[in-house]
Amino acid sequence: MSEHEEHTTHSQGFYIAIGVGLLIGTATTVGAAFVNLGPFNPVVALLIATIKAIVVVLFFMHVKDASEKLAGAVVLSGFFFLAILISLSLADYLTRSWR
Amino acid sequence: MASAVIPANQAPKLNYLNNGHSLRSWLLTTDHKRIAVLYLISVTTFFFFGGFFAMLIRLELLTPQGDLMQADTYNKVFTMHGMIMVFFFLIPVVPAVLGNFLIPIMIGAKDLAFPRINLLSWYLYIIGGILITHVMLTGGVDTGWTFYSPFSTEYTNTKIVEAGLAVFIAGFSSIFTGLNFIVTIHRMRAPGLTWSRLPLFIWANYATSLIMILGTPVVAITIVLVAVERLFHLGIFDPRLGGDPLLFQHLFWFYSHPAVYIMILPSMGVISELIGCFSRKRIFGYKFVALSSIAIAVIGFLVWAHHMFVAGISLYAAMIFSFLTFFVGVPSAVKVFNWTATLYKGSISYATPMLYAFGFIGLFTIGGLTGLFLATLGIDVHVTDTYFVVAHFHYVMVGGVLMGYLGGLHFWWPKISGRMYPEGWAKLSALFVFVGFNLTFFPQFILGYVGMPRRYWQYPPEFQVLNVLSTAGASVLAVGYLLPMIYFLWSLRYGPIASDNPWHAAGLEWKTTSPPPTFNFEETPVVTWEAYNYDEIPDKELEAPVAR
Amino acid sequence: MSGQVDALYIYLLLVAGVMTALIFVAVTVLAIKYRRVRGREAQQIEGSTILEITWSVIPFFVMLTFFIWGAVLYFKERTPPADSTEIYVVAKQWMWKFEHMEGQREINELHVPTGQNIKLIMTSQDVIHSFFVPAFRLKQDVLPGRYTTLWFKATVPGRYHLFCAEYCGTNHSGMGGEIVVMEPRDYAQWMAGGPAAPLQETGKQLFATLGCATCHRSDVQGRGPNLVGIYNKPVLLEDGRTVTADENYVRESILNPTAKIVNGFKPVMPTFQGIVSEEQLNALVAYVKSLAQPTPGSAGLQNEPAASPAQTQKTQVQ
Amino acid sequence: MEHEAHNPALLHHFVDAQQQKNAASLGMWLFLVTEIMFFGGMFCAYLVYRLKYFNAFAAGSQQLSIALGATNTAVLIISSVTVVLAVKAAEAGKRKVLVGYLAVTVLLGLTFLGIKGFEYREKFERHHVPGPTFQFTDTFDDNGRQIPVDSNEAQLFFSLYFAMTGMHALHMIIGCGLFSVLAVLAWRGHYSPGYFTPIENAGLYWHLVDIIWIYLFPLLYLISRHS
């Protein structure tokens with residue numbers, strides 16, 4: 001039950017470093033957008049966005065520090081059901097004989 | 001404090017009802033029990049609004065011609081019936097009234113985790129309710145409760161935006177209720193009350209809350225998009241401007257199909273409690289019944305497009321959704337089988353709540369099985385958008401939800417009000433409800449199969465006989481619903497004083513006084529027993545369940 | 001088709017009936033047999049995993065038969081045979097308009113011969129409607145902005161109800177009509193009674209008057225793709241995708257020409273949105289489709305390679 | 001959640017402070033899930049139309065300023081860092097540092113909104129705001145190739161652009177308001193190392209709003225930018 005004390009494991013410098021990492025990620029996204037990767041442009045953009053989001057969730061929102069044991073499960077379930085919404089909707093759109 | 005019987009002639013102990021009598025002490029209360037009572041009153045009010053519209057519909061359909069009202073009026077009447085019943089009665093009824101009252105008590109907590117948010121939920125519900133009443137009184141809406149675009153976004157000239165706002169606000173009431181329940185169930189359980197010891201009512205409400213949290217925001221944003229499209233004439237769903245009306249249907253049913261489980265799951269929880277108590281047995285296959293609630297909630301999110309088999313979705317998507325839909329059938333069937341198996345070697349009494357439970361099993365079986373007809377692609381093409389669908393969802397939503405709700409209300413009425421209801425009248429009304437219900441809705445299955453489309457103001461004369469039967473049933477049903485309203489009110493003053501545990505039931509809610517004190521328990525209970533430990537509770541068979 | 005739906009329905013009714021009876025009898029018998037009696041206590045039974053699995057798996061497999069049978073039927077219901085006679089349907093608040101290929105037009109009444117596969121190509125002028133003929137056990141929503149199709153083969157002459165099954169506003173319940181099924185001979189007689197030119201002829205005239213023919217030429221390569229023989233053929237698009245030139249594609253290309261540009265062409269065609277009515281659109285689509293066939297008007301051959309080698313060659317130019 | 005800001009004391013119905021904190025935290029996480037689903041509906045609509053009308057979406061996207069979008073992304077990321085540092089300061093009981101970071105966060109949030117407002121104004125001037133005045137003419141890519149665009153489809157892109165960024169901006173405004181209130185309360189000494197749940201929870205909210213933008217930026221601004 002001594003959960004919130006665990007946050008302090010990270011120093012100010014650590015958070016700033018993460019922040020810089022995220023900024024680099026943004027720059028990479030912009031840079032990658034100008035390179036022709038064919039169908040992989042959106043894939044790369046979303047991959048970087050997802051990595052950034054995971055970093056924010058893990059370190060800024062302290063899921064990695066287990067301050068809230070359920071938090072990870074809760075957030076994952078959110079994305080899981082969003083994935084259901086999108087994938088099953090697209091299951092219709094992508095299989096229509098005419099779009 | 002357990003099973004302390006209060007003599008009728010003494011001043012009652014301080015409880016949540018007599019702890020403050022001012023209007024302020026009610027309207028600004030954060031006590032979950034008082035909020036539950038506020039919901040009870042408001043939800044009942046909307047039930048009678050909705051019921052009034054239902055009677056108008058049935059009266060209009062008594063004859064094939066549209067002679068009672070204008071077509072436009074009829075369209076508004078069935079729209080208001082649907083909207084009020086779905087968003088302001090069926091979705092909140094069991095969680096907000098019984099759930100609100102019982103969840104903290106059943107898990108041995110003093111209140112919900114966020115009492116003020118709970119009160120906020122009620123106010124949001126009321127604001128939404130006032131808005132929809134305003135819409136109702138100033139012209140109404142005529143789109144059906146489904147708001148299908150492009151009719152709703154471009155063609156109707158009724159108050160879509162206001163009605164949408166009402167639903168949006170009521171939706172947030174529902175979201176906050178669900179959030180409150182989940183946190184409460186996770187964080188506020190009494191010592192010793194492990195997940196496997198939770199009453200099935202709690203499990204059911206937990207599953208319901210998951211849907212409220214995950215589904216409601218999607219319909220909220222969808223309604224926002226409809227309103228924006230209507231106000232600024234955008235083309236998000238309007239095909240003339242490049243939009244796709246089917247996208248609206250996808251987003252709408254992503255919530256509105258699971259919403260059906262928001263309605264039915266808590267009632268299923270109630271039924272589990274009732275069958276356990278009046279068979280004096282632990283529910284057969286407790287774990288499976290508990291997990292089937294969660295399974296229904298999760299699988300319920302995978303099946304929404306079965307409302308759209310003829311809407312123009314792709315052939316393959318239709319097959320995927322049809323296939324997935326049958327998976328929901330499994331946990332639903334598991335529940336019915338387990339309830340039936342619980343009766344085996346029980347010690348069954350026929351108190352009113354148990355009659356409702358029997359009624360629930362019967363009606364839900366029919367409602368559930370006809371759902372399989374609709375999930376079967378080849379049949380759905382014929383019966384969708386006909387009275388077959390109307391009959392099916394009334395069997396589930398009215399036959400199921402209301403049976404569970406009324407059963408639960410009778411069962412916990414002594415706890416809520418401290419008084420017993422009159423058993424004879426209650427049995428009579430249960431009979432009225434069951435007979436009236438079947439007479440109203442069974443003919444509609446046949447009507448649907450012979451081809452009467454839903455939302456019809458006039459119809460070919462050959463459908464009249466069945467419609468007359470249905471209207472006759474509706475009047476019986478109305479009596480069945482009015483009776484409890486009268487005798488519950490009567491019992492508040494004249495009903496026998498209830499003991500703390502008039503049913504000799506298991507569960508923490510029966511270990512506190514009737515009605516419970518403001519903080520539910522004088523000291524936090526420590527749970528050392530499994531749920532439904534009826535073997536440890538003296539079986540006072542043949543004893544009248546009334547204290548004195 | 002209606003017989004097949006009924007057969008499946010009866011199968012479902014039987015299964016559901018047996019299940020309902022089983023539950024009702026079980027509940028009633030158990031409730032009476034184990035009613036509360038002085039001196040008899042309930043026996044606590046925990047449950048049985050084997051039973052749970054049994055009554056999960058068996059219903060599931062039964063339901064699987066529903067699914068398979070239903071899906072097979074649905075597939076048939078949704079796949080019009082190639083030799084169907086086509087009829088265009090335009091729905092609007094609150095009437096049904098029908099256009100036969102021969103040019104006959106009807107409102108709220110559709111005459112069809114027995115024994116002939118009929119394919120309806122339907123669209124809506126305003127909101128969503130649904131074409132529902134209970135006697136045929138068929139229903140299909142009719143959407144604005146695109147075509148949906150439905151096919152049937154009537155067998156017994158008579159008059160059958162036609163309903164709109166998707167709520168569409170004030171007079172939704174009045175938006176009905178009749179399907180008049182006739183013996184082929186009577187039908188031919190009825191058909192001969194009308195004046196009208198065949199639909200694709202109307203389309204051909206429109207094609208000329210709207211100026212389509214100046215770019216979409218069939219003799220030399222114009223500014224627009226040659227339309228001869230394209231119907232139901234794959235078309236390579238500017239962005240590398242391939243689509244099938246079905247009714248919906250032709251329709252979209254008239255209303256929204258820039259949406260799917262054929263490879264090698266410029267997006268120079270103006271939109272005809274708001275210029276052509278739904279009926280004219282149908283005529284144009286019918287005309288473009290007729291170009292795919294060696295003898296315009298005769299149904300059933302659109303899947304054969306487009307007539308002359310010259311035409312085939314031009315198709316490939318695109 | 002926020003309401004506890006006014007009452008740092010243990011609420012009567014909780015057993016102890018830890019239970020109260022855990023409840024508030026779980027409540028916040030669940031609320032974030034509802035936010036994900038709320039935006040999720042729009043993301044779903046976006047994906048469907050992007051697949052359907054790719055050209056128009058690409059053309060529409062090219063009307064947005066990458067410089068402004070990227071700057072805003074950076075502003076939000078920096079604000080997320082200041083929020084996390086504010087939480088750390090609250091945990092350490094450094095009142096002035098806490099207030100400082102909260103103030104900087106609010107300023108960064110306002111900067112974001114300012115830039116967003118500037119972008120909106122530009123859209124307005126160029127008639128790219130959906131509605132009766134909407135205009136969209138064919139555009140040309142970097143090679144001078146004409147990109148044909150249907151005005152309705154482009155309007156769909158901008159409808160979704162405004163719906164998504166507008167809803168996001170609304171969340172930013174709420175967040176700025178929230179942090180302003182928290183800064184005042186922190187200044188008055190409402191929070192201690194033993195009780196700073198509101199700051200933590202507001203932080204969670206802010207990070208989620210940040211994450212949503214992290215997705216919005218590439219999806220809206222960076223469609224088909226390569227030549």
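**Notes on the four-chain model**

1. Starting with chain A: of its 99 residues, 34% count as buried, where buried means 20 or more other C-beta atoms within 10 Å of a residue's own, exposed means 12 or fewer, partly exposed is in between, and C-beta atoms are placed from the backbone. Keep in mind that this is a predicted model, with local features needing pLDDT of at least 70 and side-chain atom pairs counting only at pLDDT 80 or more, while totals for chains, interfaces and linings use all residues. On labels, residues are numbered from 1 along each chain as its sequence is written, and chains are lettered from A and ligands numbered from 1 in the order in which they are written.

2. Chain A has three helices and zero strands, in the order α-α-α along the sequence. Helices (H or I, at least four residues) and strands (E, at least two) are DSSP runs, numbered from the N terminus. Taking contacts in chain A between residues at least 6 apart in sequence, 50% join residues at least 24 apart; a contact is a pair of residues with C-beta atoms, placed from the backbone, within 7 Å.

3. Helix α3 of chain A (residues 71-93) has 23 residues and spans 33 Å from first C-alpha to last, close to the 33 Å expected at 1.5 Å a residue. That expected span is 1.5 Å times one less than the number of residues. Buried positions in α3(A) include A:Val74, A:Gly78, A:Phe81, A:Leu85 and A:Tyr93. What do the buried residues of α3(A) pack against? Their partners are α2 (40-60) of chain A, α7 (200-232), α8 and α10 of chain B, and α1 of chain D.

4. On to α1(D), which has 36 residues and reaches 52 Å from its first C-alpha to its last, close to the 52 Å expected at 1.5 Å a residue. There is a bend of about 30° at D:Gly40, taken as the angle between axes fitted to the seven residues ending there and the seven starting there. Since 29 of the 36 residues of α1(D) are buried, this helix is largely enclosed by the rest of the structure.

5. The contact between chains D and B takes 31 residues from chain D and 33 residues from chain B. On the chain D side, α1(D) gives the largest share, 17 residues. By class, that side has 16 nonpolar, 13 polar and two charged residues; Ala, Val, Leu, Ile, Met, Phe, Trp, Tyr, Cys and Pro count as nonpolar, Asp, Glu, Lys and Arg as charged, and the others, Gly among them, as polar.

6. Within chain B, the axes of α8(B) and α9(B) come within 11 Å and cross at roughly 175°. That makes the two helices α8(B) and α9(B) roughly antiparallel. B:Tyr261, B:Leu265, B:Met268 and B:Ser272 of α8(B) meet B:Val289, B:Ser293, B:Ile296 and B:Ala297 of α9(B), giving six nonpolar, two polar and no charged residues. For the angle classes, under 35 degrees is roughly parallel, over 145 roughly antiparallel, 65 to 115 roughly perpendicular and the rest oblique.

7. Finally, B:Tyr39 sits in helix α2 (residues 32-60) of chain B. B:Tyr39 counts as buried because it has 26 C-beta neighbours inside 10 Å.

How values were computed
Contact = placed C-beta atoms within 7 Å. Axes fitted to C-alpha atoms, helices over the stretch in contact; angles between N-to-C directions.
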